[in-house]
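The following note is intended for a reader who is new to protein structures. Please keep the sequence and the model in view while going through the numbered points.

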Protein chains: 2
Amino acid sequence: MIVESLALVGTGLIGGSFALALKQAGAVREVLGVGRTPARLDEARALGLIDRAADWAEAGQADVILLALPVGETEAVLRQLAPQLKPGAIVTDAGSTKANVVAAARAALGTRFADFVPGHPIAGSEQSGPSAARADLYRGKRVVLTPQADTRADAVATVRALWEAAGAQVETLGAEQHDRIFAAVSHLPHLAAFALVDELAQRADSETFFRFAASGFRDFTRIAGSSPEMWRDIALANQSAVLAEIDAYVNALQAIRAAVAANDAASLQATFARARAARERWMNTQDV
Amino acid sequence: MIVESLALVGTGLIGGSFALALKQAGAVREVLGVGRTPARLDEARALGLIDRAADWAEAGQADVILLALPVGETEAVLRQLAPQLKPGAIVTDAGSTKANVVAAARAALGTRFADFVPGHPIAGSEQSGPSAARADLYRGKRVVLTPQADTRADAVATVRALWEAAGAQVETLGAEQHDRIFAAVSHLPHLAAFALVDELAQRADSETFFRFAASGFRDFTRIAGSSPEMWRDIALANQSAVLAEIDAYVNALQAIRAAVAANDAASLQATFARARAARERWMNTQDV
């Protein structure tokens with residue numbers, strides 16, 4: 001047992017899978033769930049993700065409170081929670097952006113900011129909601145923590161131990177470094193997939209196009225099946241890094257455009273061959 | 001038996017899978033293979049894709065000759081083949097672009113152009129080569145034929161019957177319409193995946209980025225594992241449609257960029273929600 005009690009604020013895929021994994025590992029005794037939608041809490045309880053629904057006052061008495069909700073809601077939730085926190089309670093999150101979460105936590109938690117451990121599990125699915133949760137979601141996956149200079153070291157250690165109990169490999173990064181990296185390898189691809197599908201869908205004869213789309217299109221656009229609310233929040237929360245990545249990507253596309261327009265076969269082949277080689281190297285080092 | 005003999009010019013994934021499927025269906029008796037690389041022909045024979053290697057003169061005596069090679073090689077191959085074609089022989093291809101293939105065939109085949117049936121199986125893999133071939137590659141997949149006004153009707157009927165024997169569903173389109181559709185749903189996504197991976201790979205600190213890339217990145221970039229030569233040829237062969245699609249895609253990305261820069265949450269959510277809904281509708285109508 002690492003902690004007695006865990007409270008989930010948000011009982012969907014991310015929070016629910018964390019709770020299932022910790023229960024299975026015997027790392028937590030009781031899991032509480034907080035949320036605005038009673039039906040969703042009932043579903044989470046029926047699925048065994050939480051033991052019972054709780055209010056803010058009860059959640060504040062838990063040893064660890066995990067926020068697993070769209071990052072845009074972080075500050076409002078922490079303002080509700082702050083006055084209820086028992087001494088020693090640790091708050092952590094699972095948001096896909098970190099600099100804005102750190103700023104929100106600093107503003108909302110005041111003197112209790114030292115008890116906040118910013119985190120980001122690099123796992124998920126285009127599925128969402130309590131029914132998508134599974135105990136093995138984090139097994140072998142990376143979790144990034146971005147503790148600040150004034151974050152309590154033993155709070156970091158506890159959160160790390162919980163993620164490791166869930167099967168994850170924990171790393172630490174600076175919050176800004178985290179946001180720059182994920183703007184490139186996650187946020188941009190999501191926006192790019194949404195852009196491609198929406199651009200086609202807006203055409204008068206879109207059905208003709210979709211009719212002939214095949215497996216390459218399916219995989220390229222899989223992440224366009226993700227939650228619009230979640231990605232709206234992420235794009236805005238990580239604004240400056242996302243803008244820089246869109247610009248870099250558009251420049252890369254324009255370079256390919258120029259090579260196509262100029263019939264520059266050598267340049268196209270060099271670009272494609274470098275990309276294929278880089279992806280092969282990456283696949284060989286990853287377990288994804 | 002639909003035809004006695006089939007000659008493959010190109011014995012990789014596409015040609016080899018066609019031959020395997022037809023053999024399995026009892027639709028062809030003998031399969032010949034033509035190619036510049038003896039080792040590759042030996043491999044194709046060892047894998048059962050072809051019965052024996054052949055030269056151009058022998059290939060020209062086959063009932064049907066399938067070109068399954070990079071589209072940039074079409075005209076040169078057809079010029080070799082043209083003088084060898086027996087009366088009634090049918091030539092077809094499996095290229096991903098059609099207007100340029102039609103033009104190449106018209107230039108190379110002269111009076112025998114009526115025997116050429118332009119085709120494009122919508123199936124494949126980022127794997128390539130003889131060893132990737134499999135008999136069920138085309139099962140349930142679409143094949144597009146783009147016969148011209150002067151294409152012999154019974155040649156079209158024979159090629160259609162062969163693809164149907166391989167398990168595919170055959171449709172016809174105009175060559176220009178084909179190229180416009182596939183520029184959008186296939187060629188652009190490939191270029192976009194190559195662009196994303198290469199842009200990251202060119203950065204001085206690319207290892208840091210790749211280290212945190214996960215399953216969304218993996219699927220978005222799967223097609224960046226495709227053959228550089230093949231996609232170089234396709235991009236140039238379908239130049240004007242590809243340029244138009246790059247422009248439309250860059251415009252869509254710039255619209256998202258503008259919404260992010262303006263903190264326009266409503267517009268982002270609307271775009272992402274439209275994309276998700278369109279993709280869901282598409283997935284529900286497709287077997288991909």
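Which residue of chain A comes closest to the rotation axis? The points below begin with that matter and then turn to a sheet within chain A.

1. The model under discussion is a predicted one. In answer to the question, A:F220 is the residue of chain A that comes closest to the rotation axis, its C-alpha lying at 2.0 Å.

2. The axis itself relates the two chains: chain A is superposed on chain B by a rotation of 180° with 0.0 Å of shift along the axis, and the RMSD is 0.0 Å. The relation is therefore that of a two-fold axis. Both copies use the same surface, since 100% of the contact residues of chain A recur in chain B.

3. Within chain A, three strands make up an open sheet, in the order β7-β8-β9, with mixed pairing. At its edges are β7 (119–121) and β9 (169–172) of chain A, each of which pairs on one side only. On average, neighbouring strands of this sheet are turned by 20° against each other, direction ignored.

4. Strand β8 (residues 142–145) of chain A pairs with β9(A) in the parallel sense, over four bridges. Within this pairing, A:R142 has A:Q169 in β9(A) as its bridge partner.

5. A helix also belongs to this picture. Helix α6 (residues 153–165) of chain A packs on the sheet and touches β7, β8 and β9 of chain A. The direction of α6 makes about 170° with that of β8(A).

Conventions:
Residues are numbered from 1 along each chain as its sequence is written. Chains are lettered from A and ligands numbered from 1 in the order in which they are written. This is a predicted model: local features need pLDDT of at least 70, side-chain atom pairs count only at pLDDT 80 or more; totals for chains, interfaces and linings use all residues. Two strands pair if DSSP finds at least two bridges between them. Helices (H or I, at least four residues) and strands (E, at least two) are DSSP runs, numbered from the N terminus. Axes are lines fitted to C-alpha atoms, for helices over the stretch in contact, and angles run from 0 to 180 degrees between N-to-C directions. Two residues are in contact if their C-beta atoms, placed from the backbone, lie within 7 Å. Copies are superposed by least squares on the C-alpha atoms of residues with pLDDT of at least 70 in both.
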